Amino acid sequence: MRTAVVVGAGMAGLAAAGALARDGWQVTLLERGERVAAPPTALVLWPNGRRALDALDPDGGWSSIAAPLPDGGVRRPDGQFLVAPHTRPGAGPAPAVVHLEDLYDALVAGLNDHVEIRTGVEITKVRAHRGSRPAVGDGRIFYEADLVVAADGIDSAVRHALAPEAVVVGSGFAAWQAVVPRYRAPELPPDQAAGGETLGAGYRFVSMPLGERAAGKGGVYWVATAAGAPRPEPAATQLALLRRWFAAWHPPVGELLAATRPEDLVPQEVRELRPLPRAYGFRCGSGGVVLLGDAAHAMPHHLGQGACLAFEDAATLRSLVATASPGSELGQAVEDYDRARRPRTASVVRQTRRMSAVVQARGRLALRARNAALGSLRPRILGHAHGHTADWQPPE
């Protein structure tokens, strides 16, 4: 039986492990934490992400856990539209928002008895020599397989060993996320209930409604970003700062922040890889090692494409190794994965960095130029459903 080791039981690792197991691979899934747990936030599944999930598990029931995402447009802090809401035509899957607890539950449910999960395993060693099977170790045990999938996030130990040129750097932003459950969410008029995006001078606020059944409590998901370093204060102090920074912004920004509790808040530093790894696939032994998700292409979240690209990675990998036997066939599939994914992710990273410049705009002239350009930029770089970012199709 073909064997695989997947490092990291986040979204990317769970998706890859489940897909490989359904194709008959014996998979060992290694997780550094003591349990597999979802962050208490949500994410947007753009059409490319939804297509990738369907390709990974056609019976996953993704539509039942995802809520349609209406386009709320882009506003200035005073509420004036910079880009009016857009009605999306019916072709292809619509963007949707999903609570991560529901997504993790669905991904875990998609695992079968070909997957062995081992928690509390922190990988510190990588073996990827031409003459031996790839393996990873924690200092006590080496886990050897035909294929090693590194889905261990932006601080990937596997990537650090194989592609040390890819360095983790700060993106110049701090971010905060929260889900306000339905019973605490403010009652909003129809013109505000769709959520949307607001851009200020170095600040951004995005909100979106979750389905009524999301994580059993529904509610509203919001993300705020601010230029600068992450804040060191306790969550309650950071929440007070957010309320002050966004106090004069149009509804429902203030109302959502007022309904948020410190325990809801998930602060994070926005980091990225510069440069990207020189390769995403490393052929060795009976197969090789591949980088997947943030281990391969961590980027700022301004386009909301990180998870969607990770699912694309997993779907592409599954397609390429579906019938590959250990040896030359699997080694070739590892190289083909590298060739298939690097141009795609490099293009999305370039778009994301352009978006970073848009969000960072400050000063009267810079803001005026940004606002004038948004009408043409949005379809291309703000994750719009018709843009190049969302046009990806799963490989045959």
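This is a predicted model: local features need pLDDT of at least 70, side-chain atom pairs count only at pLDDT 80 or more; totals for chains, interfaces and linings use all residues.
Residues are numbered from 1 along each chain as its sequence is written, and side-chain values use heavy atoms, with hydrogens and water left out.

**Cavities**

I looked up the terms: on a 1 Å grid over the protein atoms alone, a cavity is a set of points where a 1.4 Å probe fits but cannot get out, a pocket is an open set with protein on both sides within 12 Å along at least five of seven lines, and lining residues have an atom within 4 Å of a point. Grid points are joined across faces, edges and corners, and a volume is the space filled by probe spheres set on the points. Helices (H or I, at least four residues) and strands (E, at least two) are DSSP runs, numbered from the N terminus.

The structure has two cavities of 30 Å³ or more. For the largest I noted a volume of about 90 Å³ and a lining of 15 residues, with Arg75, Gly195, Gly196, His250 and Pro252 nearest its centre. At least two lining residues come from each of α5 (190-193), β14 (196-199) and β15 (203-209). By class the lining of the largest cavity has four nonpolar, eight polar and three charged residues, where Ala, Val, Leu, Ile, Met, Phe, Trp, Tyr, Cys and Pro count as nonpolar, Asp, Glu, Lys and Arg as charged, and the others, Gly among them, as polar.

The second largest cavity has a volume of about 60 Å³, and its lining includes Leu14, Gly18, Trp62 and Gly110. Here α1 gives the most, with four residues, and the lining divides into seven nonpolar, two polar and two charged residues.

**Second largest pocket**

I then turned to the second largest pocket, which holds about 250 Å³ of space. Its lining has 13 residues, and Arg182, Ala185, Pro186, Gly219 and Val220 are the closest to its centre.

**Single residues**

I placed Leu111 in the loop between α3 (100-109) and β8 (115-119). Leu111 is buried, with a relative accessible area of 17%, buried meaning under 20% (1.4 Å probe, protein chains only). Not counting residues up to four places away in sequence, Leu111 touches Leu14, Ala17, Gly18 and Ile117, a contact being heavy atoms within 4.5 Å.

Ala96, in strand β7 (residues 96-99), is buried with a relative accessible area of 1%. Beyond four places in sequence, the residues that Ala96 touches include Leu43, Arg50 and Pro68.

Arg159 sits in helix α4 (residues 157-162) and is buried without a salt bridge, the nearest side chain of opposite charge, Asp155, being 5.7 Å away. A salt bridge requires a side-chain nitrogen of Lys or Arg within 4 Å of a carboxyl oxygen of Asp or Glu.

**Cis peptide bonds**

Most peptide bonds are trans. I noted a cis bond joining Pro251 and Pro252, with omega about 10 degrees, and Pro252 lies in the loop between α6 (235-245) and α7 (253-259). Another cis bond joins Arg274 and Pro275, with omega about -10 degrees, and Pro275 lies in the loop between β17 (266-274) and β18 (281-284).

Technical notes. Buried means under 20% relative accessible area, exposed over 50%, partly exposed in between (1.4 Å probe, protein chains only). Lys and Arg count as positive and Asp and Glu as negative; His and the chain ends are not counted.
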